[in-house]
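Please walk me through this model in short questions and answers.

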Amino acid sequence: MKGLFSSLFLCLGLVFAQQDSLKKLTELAAAGNGVIPLDTQSFDILTSPKRTWSATIQFTALSKNRMCAPCKEFDPAFNAVAKAWSSVPANDRDQHFFATLDFDNAPSVFQKLSLASAPVVFAYPATDGPRKPASGRTAPTKYDFQDGFDAAPLAEHLSKLTPVPIPYKEPIDWAKWFTTAVAIIGVGSLLRLVAPVVLTRWTWAFASVIVILVMTGGYMFTRIRGVPYVGRDGNWIAGGFSNQYGQEVHVVAFIYGLLAFSFIMLTLIVPYQPSPGKQRMQVYLWGAVVIIIYSVLVSLFRVKNRAYPYKLFL
């Protein structure tokens with residue numbers, strides 16, 4: 001009988017001690033705007049082996065002499081998630097706590113956990129009571145920063161461990177909205193100014209000709225095959241008709257463009273020259289350009305394939 005009473009008093013003592021710890025943690029969380037600042041003693045209380053609550057702890061080093069830039073970058077995100085959690089009803093809020101343990105406040109804890117870097121986030125599940133994991137795994141889990149230091153991924157991950165999802169919402173980025181609005185207004189104003197030029201048929205005709213020249217120069221061929229811009233030896237002409245370097249596209253497109261421009265001048269501009277002398281000179285000029293540039297094109301074919309049978313001047 002005496003042993004029974006002893007066991008009963010021991011159980012009651014543990015229950016009262018647990019309630020006192022829970023009350024203390026609740027008060028610390030309320031005073032810290034949802035985040036409990038930890039030291040060695042409060043860390044032991046929060047991670048008590050007989051806890052009915054769960055906790056998320058940020059291990060960090062925010063002192064200036066520690067010069068931990070990632071710690072300072074992540075801390076606002078952690079605090080934002082903790083603040084969002086503080087807005088849930090007390091019945092759920094008091095079953096999960098957010099806390100921060102700075103290295104300077106408890107270096108022995110860092111040593112005990114073998115932590116050599118920061119920040120680190122551990123989620124401690126409940127080890128007793130109805131919220132104890134059904135799998136029986138009560139060891140803390142480490143948060144993976146694969147999504148960076150943003151608050152939204154952290155809240156989404158921790159919502160799997162809290163009694164209810166964390167009601168975190170991304171704050172409105174007014175700077176982003178302002179920049180977007182200014183950009184839209186600027187683009188609209190620019191379009192209004194350039195619309196007469198953009199909408200003219202000559203602009204589209206010029207753009208179409210450029211695209212045609214680039215494509216006939218072999219642009220898609222080089223893009224699909226992923227060929228280099230020039231050869232390893234610096235040569236920009238690839239041997240064989242089935243090979244081509246990136247620089248060849250520019251040269252061939254320029255040759256085709258110059259030939260096309262010469263024929264346009266001969267057919268559309270030269271016939272309308274009022275002076276017979278100027279007309280004759282332009283015929284000679286553009287005729288010579290056609291012959292010389294076409295000769296360069298044929299010689300390019302001969303360079304690519306020595307067996308090419310045709311030749312014109314060069």
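Q: Which helix is included in what covers the buried residues of helix 11?
A: This is a predicted model, where local features need pLDDT of at least 70, side-chain atom pairs count only at pLDDT 80 or more, and totals for chains, interfaces and linings use all residues. Residues are numbered from 1 along each chain as its sequence is written, and side-chain values use heavy atoms, with hydrogens and water left out. Buried means under 20% relative accessible area, exposed over 50%, partly exposed in between (1.4 Å probe, protein chains only). Among the buried residues of helix 11 are Trp286, Val289, Val290 and Ile293, and their cover includes helix 10 (246-269).

Q: How far apart are the end C-alpha atoms of helix 11?
A: Helices are DSSP runs (H or I, at least four residues), numbered from the N terminus. The expected span is 1.5 Å times one less than the number of residues. For the 29 residues of helix 11 (residues 276-304) that gives 42 Å, which agrees with the distance in the model, 42 Å.

Q: How many salt bridges does the structure hold?
A: A salt bridge needs a side-chain nitrogen of Lys or Arg within 4 Å of a carboxyl oxygen of Asp or Glu. Arg93 and Asp94 meet this way at 4.0 Å, N to O. Arg66 and Asp104 do too, at 2.6 Å. The total is two.

Q: How many residues apart in sequence are the parts that Arg66 and Asp104 tie together?
A: Arg66 is partly exposed at 39% relative accessibility, and Asp104 is partly exposed at 33%. Arg66 lies in the loop between strand 2 (54-60) and helix 3 (69-85). Asp104 lies in the loop between strand 3 (96-102) and helix 5 (107-112), so the parts tied together are apart by 38 residues.

Note on methods
Helix = DSSP H or I, 4+ residues; strand = E, 2+ residues; numbered from the N terminus. Contact = heavy atoms within 4.5 Å.
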